[in-house]
Amino acid sequence: MRCQVAIIGGGPSGLLLSQLLHRAGIDTVVLERQSRDYVLSRIRAGVLEWGSVEMLREAGVGARMDAEGYPHDGVYLACRNEGFRIDFKDLVGKQVMVYGQTEVTRDLYEARDRMDGKVIHNVEGVQIHGADSDAPYVTYTRDGTEHRLDCDWVAGCDGFHGVSRQTIPASVLKEFERVYPFGWLGILSETPPVDDELIYAQHERGFALCSMRNARLSRYYVQVAQDDKVENWSDDAFWDELRRRIPEDAAERLVTGPSIEKSIAPLRSYVAEPMRWGRLFLVGDAAHIVPPTGAKGLNLAVSDVHYLYHALVQAYEGDEHGVAHYSEQALARVWKSERFSWSMTGLLHRFPDRGAFEARMQEAELDYLQHSRAAQTSLAENYVGLPY
Ligand code: APR
Ligand code: PHB
């Protein structure tokens with residue numbers, strides 16, 4: 001088989017890149033290890049920067065998002081059970097869109113179907129060959145049969161555990177990592193959200209977050225120890241702990257119910273450089289991981305796709321400037337989002353080895369944020385998304 005761009009991974013970044021390139025007349029084949037149902041069964045976050053909203057509209061997958069998503073003008077931060085609001089609309093004239101990543105991925109699959117896009121599921125043993133040559137190709141097996149896909153470029157959209165990053169020689173790849181000494185215990189519940197905007201709470205017992213999917217589906221998180229186990233947490237224990245950490249008025253009106261999903265996610269910051277090696281590009285989680293505190297995971301994947309999509313369109317028009325600078329351009333925005341996610345994590349979590357002085361620093365920073373328009377503006381412009 002032959003295509004112009006071989007895309008490894010059928011998650012949001014692989015599908016969005018495939019959709020945008022197809023609309024620009026560039027053909028792609030997406031190779032995905034799992035089945036479509038498995039990919040869609042993953043529970044992921046749900047806050048879109050406005051740049052991501054515009055990219056999804058440009059790709060022709062904005063209709064359901066615009067119909068069912070919730071534009072938010074602000075967010076609440078809380079400290080010692082007292083909340084204050086960051087009004088993005090007033091501070092930077094922008095909003096975010098609350099719309100689940102699973103829904104974004106579903107919309108992208110349906111759009112690929114409508115355009116007869118080539119997405120091959122249940123592939124095994126994907127190997128990238130000749131990425132440092134002018135004739136790269138990908139091999140894989142499916143149902144026991146070996147296949148070869150010749151292409152001009154390879155986009156590694158295969159997440160943190162994919163094969164693409166491992167294809168880059170260790171002598172070339174530089175890695176940067178920070179593992180946080182705690183995790184997030186999250187639940188999904190068919191209950192009305194406690195507020196019409198998200199609440200990020202700093203508390204001496206640990207961080208908490210109140211989020212949502214829609215008017216009948218809520219998503220809540222509490223910080224837990226790194227080695228904690230889901231089985232240690234009954235639903236009641238979760239709700240009690242959440243109430244202790246959020247603003248009192250929210251705790252009073254919190255509607256609880258049985259969890260329909262409950263899991264613990266570790267927190268880590270990770271960046272791999274460079275994001276290009278010859279004719280192989282890394283995109284999304286294949287190149288970087290952010291702790292979820294800044295809601296940047298999906299948005300950074302969309303940011304990478306923005307740069308690569310434009311670079312490849314230019315390349316097929318004979319101008320290779322974009323592909324030559326993809327890694328540098330994408331990484332410049334990646335590091336800023338990593339910084340924001342790291343600073344939000346540092347501000348809002350309880351660090352086991354934290355001393356009394358550090359605790360005061362956190363509270364002083366939250367106090368400064370509460371009373372400084374300049375500080376709020378900085379947080380707002382990062383949260384809604386820095387320009388591409
Ligand atoms: N061969 C084929 N497919 C693979 C391989 C492989 N060797 N390894 C992984 N994959 C597939 C995975 O099954 C997954 O569906 O690649 C896809 C990668 O998707 P994601 O992990 O969702 O990564 P990405 O598309 O970059 O989206 C980033 O996902 O994890 C969240 O917080 C993250 O929101 C961010 C978003
Ligand atoms: C979520 O809705 O799951 C969510 C929202 C914001 C975050 C992280 C997760 O920062």
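## Basis

The model is predicted: local features need pLDDT of at least 70 and side-chain atom pairs count only at pLDDT 80 or more, while totals for chains, interfaces and linings use all residues. Residues are numbered from 1 along each chain as its sequence is written, and side-chain values use heavy atoms, with hydrogens and water left out.

## Aromatic pairs

The structure holds 15 aromatic pairs (ring centres of Phe, Tyr or the six-membered ring of Trp within 6.5 Å; planes under 30 degrees apart are stacked, over 60 edge-to-face, the rest tilted). Phe160 and Tyr270 make an edge-to-face pair, at 4.9 Å centre to centre and 90° between the planes. Phe160 lies in the loop between strand 12 (153–156) and helix 7 (164–167) and Tyr270 in strand 17 (residues 259–273), so this pair ties together parts 110 residues apart in sequence (helices, H or I of at least four residues, and strands, E of at least two, are DSSP runs numbered from the N terminus). Both Phe160 and Tyr270 are buried (under 20% relative accessible area, 1.4 Å probe, protein chains only).

Phe182 and Phe351 are edge-to-face, with centres 5.0 Å apart and planes at 80°. Phe182 is in strand 13 (residues 174–189) and Phe351 in the loop between helix 11 (321–348) and helix 12 (356–371), 169 residues apart. Phe182 and Phe351 are both buried.

## Charges over rings

Arg148 lies over the face of Tyr137, 3.6 Å from the ring centre (NZ of Lys or CZ of Arg within 6 Å of the ring centre and within 35 degrees of the ring normal). Arg165 lies over the face of Phe160, at 4.5 Å from the ring centre.

## Pocket and cavities

On a 1 Å grid over the protein atoms alone, a cavity is a set of points where a 1.4 Å probe fits but cannot get out, and a pocket is an open set with protein on both sides within 12 Å along at least five of seven lines; lining residues have an atom within 4 Å of a point. The second largest pocket has about 250 Å³ of space (filled by probe spheres set on the points, which are joined across faces, edges and corners). Of its 16 lining residues, Gly100, Glu103, Arg213, Asn214 and Leu217 lie nearest the centre. Helix 6 (101–114) and strand 15 (208–214) each give two or more residues to this lining.

The structure has three cavities of 30 Å³ or more. About 60 Å³ of space lies in the largest cavity, and helix 6 gives the most to its lining, with three residues. The second largest cavity has a volume of about 40 Å³; Phe88 and Tyr383 are among its lining residues.

Definitions and conventions
Chains lettered and ligands numbered in written order. Buried < 20%, exposed > 50% of the residue type's maximum accessible area, 1.4 Å probe, protein only.
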